Amino acid sequence: MKTPYYAVIFTSKRTNLEEGYAEMAYNMVALAQQQPGFLGVESARNEIGITVSYWKDLEAIKNWKQNLDHLDAQRKGREKWYEYYTVRIALVEREYGL
């Protein structure tokens with residue numbers, strides 16, 4: 001990705017309720033991929049889950065946060081699927097790797 005861009009880091013601990021979670025998570029990634037300014041996503045889960053989505057700018061993040069389907073998923077997450085979560089938004093100024 002061409003820097004600078006933004007990373008939204010979603011760290012969470014799940015409840016034991018599985019019903020509907022996998023489908024909702026899949027649908028949210030598919031929906032995010034259709035949003036203007038979306039650049040990509042990475043996710044990992046063991047005891048805690050970490051999902052990092054990448055965005056062109058803060059306006060794209062704001063629009064995603066206000067998407068009606070995403071708002072519904074957030075509500076269900078708070079009610080059913082997460083013991084806790086933290087969202088962090090970071091500006092990525094440089095990246096490198098192998």
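**Briefing on a predicted single-chain model**

His70 is placed in helix α3. The structure described here is a predicted model. The secondary structure of its chain comprises 3 helices and 4 strands, and from the N terminus the elements follow the order β-α-β-β-α-α-β. The radius of gyration is 14 Å, close to the 13 Å that the globule rule gives for 98 residues, so the chain is as compact as a globular protein of that length.

**His70 and its surroundings**

- His70 has a relative accessibility of 15%, and it counts as buried because this value is under the 20% limit.
- Setting aside neighbours within four places in sequence, the contacts of His70 are Met28, Leu31, Trp64 and Lys65.
- Between His70 and Ala32 there are 38 residues of sequence separation, and their C-alpha atoms lie 8.7 Å apart in space.

**Overall dimensions, burial and surface**

- Taken along the principal axes, the box filled by the C-alpha atoms of the chain is roughly 40 × 30 × 20 Å.
- Of the 98 residues of the chain, 32% count as buried.
- The accessible surface of the chain is about 7,000 Å², and carbon and sulfur atoms account for 52% of this area.
- Among contacts between residues at least 6 apart in sequence, 75% join residues at least 24 apart.
- The chain carries 13 positive and 13 negative side chains, and the centres of these two sets are 4 Å apart.

**Nonpolar cores**

- The largest nonpolar core consists of 15 residues, and those with the most contacts inside it are Met24, Met28, Ala32, Trp55, Ile61, Trp64 and Trp81.
- At least two residues of this core are supplied by each of β1 (5-14), α1 (21-33), α2 (58-65) and α3 (68-81).
- Helix α1 provides the largest share of this core, with 5 residues.
- There is also a second, separate core of 5 residues, which includes Tyr5, Ala7, Val52 and Tyr54.

- Trp55 lies in strand β3 (residues 49-55).
- The relative accessible area of Trp55 is 0%, and this residue is therefore classed as buried.

- Lys13 belongs to strand β1.
- With a relative accessibility of 30%, Lys13 counts as partly exposed, because this value falls between the 20% and 50% limits.
- Not counting residues up to four places away in sequence, Lys13 touches Glu47, Trp81, Tyr82, Glu83 and Tyr84.
- Lys13 and Glu47 are 34 residues apart in sequence, while their C-alpha atoms are 7.0 Å apart in space.
- Val29 is located in helix α1.
- Its relative accessible area is 33%, and Val29 is accordingly partly exposed.
- Val29 and Gly40, 11 residues apart in sequence, have a C-alpha to C-alpha distance of 9.2 Å.

- Pro4 is placed in the segment before β1.
- The peptide bond from Thr3 to Pro4 is cis, with omega near -5°.
- In general, most peptide bonds are trans.

Key. Residues are numbered from 1 along each chain as its sequence is written. This is a predicted model: local features need pLDDT of at least 70, side-chain atom pairs count only at pLDDT 80 or more; totals for chains, interfaces and linings use all residues. Side-chain values use heavy atoms; hydrogens and water are left out. The radius of gyration is taken over C-alpha atoms; the globule rule is 2.2 Å times the number of residues to the power 0.38. Buried means under 20% relative accessible area, exposed over 50%, partly exposed in between (1.4 Å probe, protein chains only). Contact means heavy atoms within 4.5 Å. Accessible areas come from the Shrake-Rupley method with a 1.4 Å probe; for residues, only the protein chains shown count as cover. Lys and Arg count as positive and Asp and Glu as negative; His and the chain ends are not counted. The place of a charge is taken as NZ of Lys, CZ of Arg, CG of Asp or CD of Glu. A nonpolar core is a set of buried Ala, Val, Leu, Ile, Met, Phe, Trp, Tyr and Cys residues joined through side-chain atoms within 4.5 Å.
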